[in-house]
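Student: Could you show me the structure and walk me through how its parts get their names?
Tutor: Gladly, let's look together.

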Amino acid sequence: MSQITRREFAGTLATATTAATLNAQPARPRIKITDLRCAIIGKSPTIRIVTDQGISGFGQAESYKPYLKPMVLFYKDYLIGEDPTDVERVMLKIRRLGAFKPWGAAVSAIEIALWDLAGKAAGVPVYKLLGGKIRDKVRAYNGGVRFPMTGNMPRDYAEIAGKMKDAKEGFTLIKQAVGFHNQAMMKAIPGAWYDDPRTGASHPDRGLMTERGMDHVVACVEAMKKVLGKDIGLALDCGPGWMVKDAITFAKAMEPLHITWLEDLITGDYTPYPNAELFREVTMSTSVPIHTGEQIYLRQNFKDLIEKQAVNVVGPDPEDVGGLAETKWIAEYADLHGILIAPHGIFDGLIGLAAHVHLAAALPQNYIAFEYPLGQPEWWYQIIDGLPDPIMKQGFIDVWDKPGLGVTFNVRAARKYLAEEDRGFFD
Ligand SMILES: [Mg+2]
């Protein structure tokens with residue numbers, strides 16, 4: 001307080017308080033939730049929280065989870081009559097009633113719709129409610145812009161790396177599926193690991209790799225890296241399914257290539273537990289950043305990974321982990337422990353994209369990039385207004401300032417994609 005005296009400072013405060021009191025608007029009537037609706041648009045569970053004051057909040061779950069609709073509506077009775085601008089008080093009612101992927105998605109999408117509403121009610125963009133932005137443009141990485149492949153040999157991976165490098169979005173960071181995360185890559189070499197291939201839910205294979213299998217995966221990555229050079233980062237989505245020693249061998253082979261991160265080597269995707277001890281063994285054995293977290297629900301389940309330094313990068317998906325505030329909390333806690341964050345998001349859709357942009361604007365400096373979601377099917381780009389055009393420029397998205405998430409439905413265009421049972425979604 002060198003410029004003004006304490007007395008002057010107190011006087012300034014008193015004047016400000018008096019002015020604020022005199023200018024105070026009458027308290028806004030309490031806003032109440034009157035309905036929670038869910039329509040499957042494409043395959044995307046889309047959420048609308050309706051209020052008694054003519055404003056609604058929208059959220060969205062991953063675009064291939066239409067089966068979540070009854071799960072979303074299960075929460076309706078908990079929400080009716082609540083004030084949606086008290087986001088945390090509403091979340092205390094429903095947060096306990098969720099689980100690891102895919103069962104945390106409904107709670108997460110509702111949380112995002114609440115922030116959209118709270119922002120609209122306050123007339124401010126969601127990033128302001130998350131603490132304010134620390135960056136005006138946010139980096140997103142390529143997880144979903146893909147091109148048809150002619151095979152699964154190193155030359156084929158080199159070819160698609162070239163196409164992704166030239167993509168119109170101008171990505172500065174690309175993620176590629178390899179190893180057990182890429183069944184086609186593993187099946188291209190007979191006997192790539194010591195077990196039979198499995199069928200069923202995604203990425204079911206697991207086992208010790210053969211020398212041939214390991215060499216093939218390494219060769220595919222080397223081929224991609226050669227094309228991408230030093231200007232575009234390469235991250236690898238690897239599993240789950242690797243044995244710890246294979247994971248270490250692979251990580252060491254990746255060290256000279258300066259790979260941005262190795263994702264989900266041990267657990268991941270739909271594994272309903274993180275297994276921090278095994279991740280830690282891998283992390284302590286290599287200089288390549290080790291990453292996991294897209295399937296995890298709630299901050300409590302990141303505690304071990306973060307406190308034990310089990311990974312170098314966490315990758316919660318806001319649409320699975322419990323929402324935007326949940327992800328922000330994890331990011332801050334990770335930052336306190338020297339751990340980075342790169343939120344997962346490939347299937348989060350266009351409302352999800354908007355949510356990611358607001359969140360990324362407000363995340364601390366341990367933020368790397370979020371995974372860029374696409375409109376799926378393609379006509380989603382016609383039914384959502386408010387996104388920048390083009391959305392990405394040189395791998396970044398400019399943060400916008402409209403209230404809430406700042407995107408709205410073009411109702412006329414969207415209505416024709418509603419199923420008969422969802423006809424009342426916009427009315
Ligand atoms: Mg992944």
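Tutor: Let's start where L236 has L262 of strand 7 as its bridge partner. From strand 6 the chain passes through helix 10 (residues 244-254) to strand 7, a right-handed β-α-β crossover. This is a predicted model, where local features need pLDDT of at least 70, side-chain atom pairs count only at pLDDT 80 or more, and totals for chains, interfaces and linings use all residues. Residues are numbered from 1 along each chain as its sequence is written.

Student: What makes the crossover right-handed?
Tutor: With the strands pointing away from the viewer, a path from the first strand over the helix to the second that runs clockwise is right-handed. The crossover from strand 6 through helix 10 to strand 7 is of this kind.

Student: How do you know that strand 6 and strand 7 pair?
Tutor: Two strands pair if DSSP finds at least two bridges between them. Two bridges join strand 6 to strand 7 (residues 262-263), so they pair, and they run parallel. Strand 5 (residues 173-177) also pairs with strand 6 in the parallel sense, over five bridges.

Student: Why is strand 6 called mostly covered?
Tutor: Four of the five residues in strand 6 (residues 233-237) are buried, that is, 20 or more other C-beta atoms, placed from the backbone, lie within 10 Å of their own.

Student: What makes the span of helix 14 close to the expected one?
Tutor: The expected span is 1.5 Å times one less than the number of residues. Helix 14 (residues 324-336) has 13 residues, and its 19 Å from first C-alpha to last is close to the 18 Å expected.

Methods:
Buried ≥ 20, exposed ≤ 12 C-beta atoms within 10 Å, placed from the backbone.
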